[in-house]
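Here are some exercises to work through with the structure open beside you. Try each task before you read its solution.

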Amino acid sequence: MTETEARRRAPGMSPEQRREAVVRAALPLVAEHGAAVTTAQIARAAGIGEATIFRVFDDKQAVLDACVAAALDPTVVVQELNSIALDQPLAVRLVDAADALDAHFARIGSVLGSLHATGHTGPRRAPGPGDRDRSVSATFTAVADLIEPDQERLRLPVATLANAFLGLLFPARVGGGSGPRAVPVEDLVDVLLYGAVLAEPQAEADGGAALADPPAGAEDRPHVA
């Protein structure tokens, strides 16, 4: 049996498994080549014959649509957020969460940006508002779960802090969501948890001055380099 024959005799998979395997192989190629990627390139990357792609996809446009849907799917990043150890200090948890979310949005930016740059007009079926709401809700819940163990020492409700974290994280880039980060993640988390203003002197009854008490927990602030 030749190498080509072995490649084309793909191992038995269900149609859904085959679709997922094709999309996994296609995603890095789409990020690199955009809409100019060929199904022959995708087949080689997946280790299958080109005809196998068309047993589970109608055409190349359907493959590209599936790649866009996979890039936007929050399943992987939510799993990464859920795997962060809760016995770490809160600041370390949030830095880990920011790194995972950064990588997720970088993947989205690379796929969508490359497709746009090569003239792709978007999927034939645009994601519905319900899809976006489910994605946002799943991500928010995973972040809130990381904060919840420290709720007794927080001045704000967990949901408020989770929203503040996500709100600080994503606009803090040069040129929007796909640009380089303008503020290091560690600095964002530090400002979020401990503030940006030093404690001001408080006048005492005898006319002296003493520093105001630091924010709760600031004295044991972990180093998150």
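**Exercise 1. Work out what span helix α2 (residues 15-33) should have, and compare it with the distance between its end C-alpha atoms.**

Step 1: Helices here are DSSP runs of H or I with at least four residues, numbered from the N terminus. The expected span is 1.5 Å times one less than the number of residues.

Step 2: α2 has 19 residues, so it should span 27 Å.

Step 3: Its end C-alpha atoms are 26 Å apart, which agrees.

Before going on, some ground rules. This is a predicted model, where local features need pLDDT of at least 70 and side-chain atom pairs count only at pLDDT 80 or more, while totals for chains, interfaces and linings use all residues. Residues are numbered from 1 along each chain as its sequence is written, and side-chain values use heavy atoms, with hydrogens and water left out.

**Exercise 2. Find which residues of α2 are buried, and which helices they pack against.**

Step 1: Buried means under 20% relative accessible area, with exposed over 50% and partly exposed in between (1.4 Å probe, protein chains only).

Step 2: In α2 that gives Arg-18, Ala-21, Val-22, Val-23, Ala-25, Ala-26, Leu-29 and Val-30.

Step 3: Using contact (heavy atoms within 4.5 Å), these buried residues pack against α3 (39-46), α4 (50-56), α5 (60-72) and α7 (90-117).

Step 4: Just after α2, look at Gly-34, which takes a positive phi of about 65 degrees.

**Exercise 3. Decide whether Phe-57 is buried or exposed, and list what it touches.**

Step 1: Find Phe-57 in the loop between α4 and α5.

Step 2: Its relative accessibility is 2%, so Phe-57 counts as buried.

Step 3: Leaving out residues up to four places away in sequence, Phe-57 touches Arg-19, Val-22, Val-23, Ala-62, Val-63 and Ala-66.

Step 4: Now check Pro-15: it sits 42 residues from Phe-57 along the chain, yet their C-alpha atoms are separated by 9.6 Å.

**Exercise 4. Work out how helix α6 (residues 75-82) and α7 run relative to each other.**

Step 1: Angles under 35 degrees count as roughly parallel, over 145 as roughly antiparallel, 65 to 115 as roughly perpendicular and the rest as oblique. So α6 and α7 are roughly antiparallel.

Step 2: On the α6 side, Val-76, Val-77, Glu-80 and Leu-81 meet Ala-97, Ala-100, Leu-101, His-104 and Arg-107 of α7.

Definitions and conventions: Helices (H or I, at least four residues) and strands (E, at least two) are DSSP runs, numbered from the N terminus. Axes are lines fitted to C-alpha atoms, for helices over the stretch in contact, and angles run from 0 to 180 degrees between N-to-C directions.
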